[in-house]
Number of protein chains: 2
Amino acid sequence: MGGSGISGDIIKIILSDEVKVPIWVNKGYSIPSFVDRGTLCFAVSYSGDTEETLSCFDQAVRLGCPIISIASGGMLESAAQKHGMPLIKIPGGIQPRSALGYLTLPILIALQKSDIIANKMEDIEETIKLLKDKAKKLSLSRPCEQNGAKGLSLKLFGRIPVVYGSDGPTAVAALRWKCQFNENAKIPAFWHVFPELNHNETVGWELLENITENFYLILLRDEGEPERIKRRIEITRSLIEDHFGDVVEVWAEGKSKLTRTFSIIYFGDFVSAYLAVLNGVDPTPVHRITLLKKKLAESS
Amino acid sequence: MGGSGISGDIIKIILSDEVKVPIWVNKGYSIPSFVDRGTLCFAVSYSGDTEETLSCFDQAVRLGCPIISIASGGMLESAAQKHGMPLIKIPGGIQPRSALGYLTLPILIALQKSDIIANKMEDIEETIKLLKDKAKKLSLSRPCEQNGAKGLSLKLFGRIPVVYGSDGPTAVAALRWKCQFNENAKIPAFWHVFPELNHNETVGWELLENITENFYLILLRDEGEPERIKRRIEITRSLIEDHFGDVVEVWAEGKSKLTRTFSIIYFGDFVSAYLAVLNGVDPTPVHRITLLKKKLAESS
């Protein structure tokens, strides 16, 4: 779920050409009916206390599935220990959405060590190197003119972002940007994906311009996009851009799919954090989620 | 894709407890890497000319997959004939999104005739009976006070709908409502699903109230919701409702999953059509999609 669940979405996209079985990202209380003892399950919950994940863990245990858990502790740690299942324990004390590397890379490495996928160390090293460079370029000390994330956050101030990606790295990045705007900047944000959005949402930007002039369209781009998708993005932009306050394109960087995915996610993370500052809110706490969990706990 | 693709989303939800293999709804140009000659494929395109579907059809043919096509004609019909694959030909001349029954039920019946699923005739009859009754209740001749769809469309006039469903019939209905608002009423609309939305979007309704007061929250409800989901919906509503212009709940009707899914979809179809009338637009044509396809054809 949420900031933990998106690790599954990333893995699904990174391995989409490589793995010859369906990778199913399960967000909810129940596991699908096709799961059986031949299904390899990853239970991913940063806190280890996400009730949906714990519920799915229990169901998978009853079916006799092999389960690899990833958590910083919590009830998932205890459940894994109780059932003698492996747990990859990651450092605690941060927000789940800040732990994206910790939540994603262990899945890749576990699959690599089991010879299910090829060695990913080169891609992981490329990613870490690129993000370290990027962290400097986007750091708080850099002024707006030299800091793309600060610059974009200024443009987004007071507006609702709509983030479009396309099949591949930018699709999961669009989802992540949306969630980071929600959780860090505490604002509404929406996302969709090419080519599917050409079959519905494209028609929606016709009326209510008085409201959508307060929206900002962010197109996440990747040089690896197929030609047909590039063309769709260009045409769609020309058809709808007048209905937005403004439009910007943000491009993925790097060679491997992993790096391209994380590069564009990382940029959005900075944008959302700077936007929180502009909004005068602390990006870290998510009071509503805490309150909701408290109220849910009272009624269980 | 679009109005044709949603038939796959419906089938996935209807059969989620019954079928012991993953049902994968594929929206894009490429089929997943796990597809092989043991994968049963349905190629669904109302026009038969959807380029993404044709691309996937070709890939599946090359892999030797059995493919059942559903189309009113077009290149998919020719392709199916050329490769000696079965085609379920459905009536032409309407919009894909008006053909939802034609696009969905043949998949159920094909699976039933192949003994992959139990007989669904009772559910189909329940659905048809309920929709016929509903068509009378929601008809144009009925005044607003006696016509829930007209009443809701009046409330939505000038506003952006946000539609929330939850795992099950209301999830796919929320997607459908969003798309129908886009395509029929030509307005932006957004959707999300419990419990996942509690992990991100719930925090987004904190700031920018000056914009979101023009939004309208529609909660799609189903008596089959698990208790935990019911509780989540109630708590979430109490946390976020002040940030919307208004909130309404719409409940599914009927016994079977199929009927509950179609009942709530059907109500939304009427709401979006009445909203088009209020907006002074013809709900039928989708000029932007037509224009986009023309421009894409020019560049291929």
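**Entry 1. The area between the chains**

I looked up the area buried between chain B and chain A, and it is about 6,500 Å², 66% of it on carbon and sulfur atoms. Buried area here is the accessible area (1.4 Å probe) that two parts lose on being put together, summed over both. I noted that H199(B), R228(B) and R288(B) supply 13% of the area that chain B buries against chain A, more than any other three residues.

The model is predicted: local features need pLDDT of at least 70, side-chain atom pairs count only at pLDDT 80 or more, and totals for chains, interfaces and linings use all residues. Residues are numbered from 1 along each chain as its sequence is written, chains are lettered from A and ligands numbered from 1 in the order in which they are written, and side-chain values use heavy atoms, with hydrogens and water left out.

**Entry 2. Contacts across the interface**

I found 74 residues of chain B in contact (heavy atoms within 4.5 Å) with 74 residues of chain A. R232(A) and E52(B) meet through their side chains in a salt bridge of 3.2 Å, N to O.

I also recorded 24 residue pairs in polar contact between chain B and chain A, both residues at pLDDT 80 or more. A polar contact is a pair of N or O atoms within 3.5 Å; within protein, one must be able to donate a hydrogen and the other to accept it, and residues adjacent in sequence count only if both atoms are side-chain atoms.

On chain B, the elements that give two or more residues to the side touching chain A include α1 (2-14), α2 (51-62), α7 (169-183) and α12 (287-298). Helices (H or I, at least four residues) and strands (E, at least two) are DSSP runs, numbered from the N terminus. The largest share of this side, nine residues, comes from α10(B).

**Entry 3. Helix α6 of chain A**

Which residues of α6(A) are buried? In this helix, residues 148-156, I found A149(A), K150(A), L152(A), S153(A) and L156(A) buried, where buried means under 20% relative accessible area, exposed over 50% and partly exposed in between (1.4 Å probe, protein chains only). They lie on the same side of α6(A), because they cover an arc of only 165° around the axis; the arc is that of the directions from the helix axis to the C-beta atoms. Their cover includes β4 (160-166), β7 (246-251) and α11 (257-279) of chain A. Just after the helix, G158(A) takes a positive phi of about 85°.

**Entry 4. D222(A)**

I located D222(A) in the loop between β6 and α10 (227-240) of chain A. D222(A) is buried, with a relative accessible area of 4%. Its side chain joins that of R260(A) in a polar contact of 2.8 Å. Leaving aside neighbours within four places in sequence, the residues in contact with D222(A) include P169(A), K230(A) and W251(A).

**Entry 5. Backbone exceptions**

Most residues other than glycine have a negative phi, and most peptide bonds are trans. I found a cis peptide bond between F194(A) and P195(A), with omega about 0°, and another between F194(B) and P195(B), also with omega about 0°. K186(A), not a glycine, has a positive phi of about 60°; K186(A) lies in the loop between α7 and β5 of chain A and is buried at 3% relative accessibility. L208(B), also not a glycine, has a positive phi of about 60°; L208(B) lies in the loop between α8 and α9 of chain B and is buried, with a relative accessible area of 12%.

Terms used
Salt bridge = Lys/Arg side-chain N within 4 Å of Asp/Glu carboxyl O.
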